[in-house]
Amino acid sequence: MEKEVEEEEEEEEEEEAEASRKKGERGLGEGECGAPSSKKRDPELELRMKQKAAEWHRKAREETLKEIAKEMAKYPNEDWSDTPGVKAREYREDWEYRWSAIFGPYDTISPRPPMRYTHRKDDPMPRHISVRHTLQIISVKIKGIRGGLQWPINVFGLIAARDTIDRNRIMIFNRTRDNCQTITKEDRYLLLTGPTRAVVVSDPVYFEAQLKVKGSVESEDKDLSFLAVPLTGASDRGETRLVNREYTSRLSTLELTFGFVVESLEASISVRIIDGSWQDGFRGAFTAHTPSLKDNKVLLLDSGYCEMVPVTADRMIKLSRHVVSVEGEGDLTVSVLALGTDNVIEDEKDFTPKEAGMSQSSLDVGFCKLEVTVNWSLLSLLPDGYT
């Protein structure tokens, strides 16, 4: 009996606790007398607040439109529908404001040559040079055209990269109006001539394009692509990898392919005929690649563009491009392909990177032998004047 009484008392205590809890919940938001508190809405106050907000938005919109009108008045010939072109113009203005007093005019070509530290082998190496992350520009393709343009098109202008070493143009493609490249629907790649030195990654690296299509007269020339876009950012780290980017403007879409090459150094390549001569009727193609980017070779020369392999008086083959980025722990492979009417001859050689100095080896295509020289150089983030 006592047990039953105790159980009943425990049940009553639990019921009282539950009732108290529910009462507390009901009491949330209540006034002193337990009635729900409510604030009487003031319609006039709410109306005034809405009117003030509407007036603020109206004035803000008017100020924005005034600023846009001022900007458009400054550039009466600007095509404001070409957003990449507008941003490229803004980039130039910002560059000139920040850097022109230090690095010269915006159009300045980088004065830094390749092979800057190639011949320092017997001297103490400057402490500020080492392997660095770099960008290897592989190809630029005109993927599409619009705005009434039709294949083929005759293209001139420039493509360049800018790193933070001297912030000047590192030329990749550069043709005058009198020296256009004809781009067809079947072959849409620009014949690149750079970069003329290694593009060192010290954020940001910018990609710049100013390309035109030649008209029957100069007044009929059209802007094919006008760009200034960053290629790297603070988060671009990690392993060597291939990167593809597309940039669409009013008249075209450009496709850029480049390699992000980690802990790399600069290789400058030259080729000389040491035995025999290049045979007529054979097209020559010279390429270079590294193991990490072996499926994306850097085209050093394709004589299909110039009908015959160009050779100087001192028997040097005039390569279109010379500079390649190579991982310090990788190899560089230089290849030659000789294509005749009935046969194809090819050869290749591997080169192990050095901190300085040069490497030499030979390629054999049967009718002539070629000496390949690779000049190696470590890289620096400092501008000229530091040794």
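Helices (H or I, at least four residues) and strands (E, at least two) are DSSP runs, numbered from the N terminus. By that rule the protein chain has three helices and 18 strands. This is a predicted model: local features need pLDDT of at least 70, side-chain atom pairs count only at pLDDT 80 or more, and totals for chains, interfaces and linings use all residues. Residues are numbered from 1 along each chain as its sequence is written, and side-chain values use heavy atoms, with hydrogens and water left out.

**The chain overall**

- Of the 387 residues in the protein chain, 40% are buried. Buried means under 20% relative accessible area, exposed means over 50%, and partly exposed lies in between (1.4 Å probe, protein chains only).
- Among contacts in the protein chain with a separation of 6 or more, 67% join residues 24 or more positions apart. Contact means heavy atoms within 4.5 Å.

**Ala161**

- Ala161 sits in strand β3, residues 153-162.
- Ala161 counts as buried because its relative accessible area is 1%.
- Ala161 and Phe207 are 46 residues apart along the chain, yet their C-alpha atoms are separated by 4.7 Å.
- With neighbours within four places in sequence left aside, Ala161 is in contact with Asn168, Arg169, Ile170, Ile172, Val199 and Tyr206.

**Thr333**

- Strand β14, residues 332-339, holds Thr333.
- Thr333 has a relative accessible area of 7%, so it is buried.
- The side chains of Thr333 and Asp350 make a polar contact at 2.6 Å. A polar contact is a pair of N or O atoms within 3.5 Å; within protein, one must be able to donate a hydrogen and the other to accept it, and residues adjacent in sequence count only if both atoms are side-chain atoms.
- Asp350 is also one of the residues in contact with Thr333 once neighbours within four places in sequence are set aside.

**Cavities**

- Rolling a probe the size of a water molecule over the atoms shows where empty space is left.
- The search uses a 1 Å grid over the protein atoms alone. A cavity is a set of points where a 1.4 Å probe fits but cannot get out. A pocket is an open set with protein on both sides within 12 Å along at least five of seven lines. Lining residues have an atom within 4 Å of a point.
- Grid points are joined across faces, edges and corners, and a volume is the space filled by probe spheres set on the points.
- This rule gives two cavities of 30 Å³ or more.
- The largest cavity has a volume of about 80 Å³. It is lined by 15 residues, and Arg112, Pro113, Arg116, Glu266 and Leu379 are the closest to its centre.
- The lining of the largest cavity has nine nonpolar, two polar and four charged residues. Ala, Val, Leu, Ile, Met, Phe, Trp, Tyr, Cys and Pro count as nonpolar, Asp, Glu, Lys and Arg as charged, and the others, Gly among them, as polar.
- Domain 1 (143-251) and domain 2 (263-380) both give residues to this lining, so the largest cavity lies between them. The domain bounds come from an automatic or database domain assignment.
- The second largest cavity has a volume of about 70 Å³. Its lining residues include Gln136, Ile138, Ala288, His289 and Ser325.
- At least two lining residues of the second largest cavity come from each of β2 (132-145), β11 (283-289) and β13 (323-327).

**Second largest pocket**

- The second largest pocket has a volume of about 240 Å³.
- Its lining has 14 residues, and Ile138, Ser139, Tyr189, Lys297 and Leu299 lie nearest its centre.
- β2 and β12 (298-302) each supply at least two residues of this lining.
- The lining of the second largest pocket has eight nonpolar, three polar and three charged residues.
- Domain 1 and domain 2 each give at least three residues to this lining.

**Backbone details**

- Trp151 and Pro152 are joined by a cis peptide bond, with omega about -10 degrees. Pro152 is in the loop between β2 and β3.
- Gly194 to Pro195 is also a cis peptide bond, with omega near 15 degrees. Pro195 is in the loop between β5 (181-183) and β6 (199-200).
- Glu263 is not a glycine, yet its phi is positive, about 45 degrees. Glu263 lies in strand β10, residues 252-276.
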